[in-house]
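Morning, everyone. Please bring up the structure, and we'll walk through some ring pairs and then the ligand.

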Amino acid sequence: MTRSAIYLDHNASAPLLPEARAAMLAALDLVGNPSSVHGHGRALRNLIETGRDQVARLAGAERKQVVFTGSATEAITQAIVGGAKALKVERIVISAGEHAAVGKAAEATGLPVVVVGLDADGVIRTDEIAVALQQDGIALVAVHAVNNETGVVQPLAKIEALVGPTPHYLFIDAVQALGKLDLDFAARPADMMALSAHKIGGPVGIGALLVKSHADTVRLIPGGGQEQGRRGGTESASLVAGFGAAAEAFAQHYDAALVAKLTFELMYRLRELNGDLVVFGEKAQRVGNVVDFAVPGLKNAVAMMGLDLMGISVSSGSACSSGKVGPSHVLAAMGVAPELSDCALRASLGWNSTEEDVSAFLSGFEQVLDRHRRRQGQAA
Ligand code: PLP
């Protein structure tokens, strides 16, 4: 991407890492089907198994636990829709802060869906999970590790302590946590976990479901037996190679302390520009790359348009697939008033963010604020 444009939307999709690009280009020059037993096929199979090792390492999983899918959304759907059937689940427990991929998959099971709340800081109400687990029938609990809008880190250890000793199952949407938290999939009590390549500088179009052996029959696409029968369809060696290379190289590019420093500076200086600034989830533990904020009265659609004209990309709390700015169900669950939620903007930094990006964003936002103040003055 061009560096003249300011991209602060890593939570939507991170720019491709150079290692991922190189690995994909090299794989694109190979011909064959990774299931073929001849040399051409074996070369592609080799790339896929290397990619599997690389992804497994970053997620703390065993290689045999990694199933490649077409996206995290597909992995989530496999875990929830496929899991409901294979594991004889009778109800799904999700939180009110889940990504639509989780909410829609829960709905698609046709089973009763129990939705537990978030507190005012955006943290999942574990007391409500405890209550939900007491009802009759096997439950599949599906929760996220890190919120894509607020960056709030969820109390997974607490949730696992509740679900682990019971016959219920636990699925974790770890899309926004990969590379930022130690996931340690193999060692933790969770049964399944979903990952996405493009949030860590890998390609769009590939995700992974991590699955423990007792849940190995969880299927969505049976097909031709690929991925040990766990996900049919000829594997894309270039996408797997890109995901694997990104997983291996991410830590060299993503300096968590630097990203957190830049993000904190952005938040601090925003508050200097406007004392009324609200930061959502501010009191909770958060990953250090995102600020979800609002200036009361300044609508996010207006602010985003102004910033976009200056070549600065941030996000509203939630972007609908239609490209329109929609109300945030996460902020609603936190008890944020709709008028304030309409003002929510998310700046998310990542592996290639710089001090210059932060300064350019702040000077752009200052202009947006000036215009807003002038409009308010005219209206008064
Ligand atoms: N879960 C979370 C928390 C996300 O942030 C996203 C993407 O924004 C997804 C799931 C879906 O990921 P994918 O685009 O790979 O389907």
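Phe68 and Phe243 are both buried, meaning under 20% relative accessible area with a 1.4 Å probe, protein chains only. A word on the source: this is a predicted model, where local features need pLDDT of at least 70, side-chain atom pairs count only at pLDDT 80 or more, and totals for chains, interfaces and linings use all residues. Residues are numbered from 1 along each chain as its sequence is written, and side-chain values use heavy atoms, with hydrogens and water left out.

Now another pair. The ring centres of Phe293 and Phe365 lie 5.6 Å apart, with planes at 80 degrees, so this pair is edge-to-face. Rings of Phe, Tyr and Trp (its six-membered ring) pair if their centres lie within 6.5 Å, and planes over 60 degrees apart count as edge-to-face. Phe293 sits in strand E10 (residues 290-294) and Phe365 in helix H12 (residues 355-379), 72 residues apart. Strands (E, at least two residues) and helices (H or I, at least four) are DSSP runs, numbered from the N terminus. Phe293 is buried, at 1% relative accessible area. Ring pairs join Phe293, Phe361 and Phe365 into a cluster.

Next, the ligand. What is around it? Residues with a heavy atom within 4 Å include Ser71, Ala72, Thr73, His99 and Lys199. Polar contacts are pairs of N or O atoms within 3.5 Å. A ligand oxygen is 2.5 Å from a side-chain N or O atom of Thr73.

Terms used. Polar contact = N/O pair within 3.5 Å; in protein donor to acceptor, adjacent residues only side chain to side chain. Buried < 20%, exposed > 50% of the residue type's maximum accessible area, 1.4 Å probe, protein only. Phe/Tyr/Trp six-rings, centres within 6.5 Å; stacked < 30°, edge-to-face > 60°.
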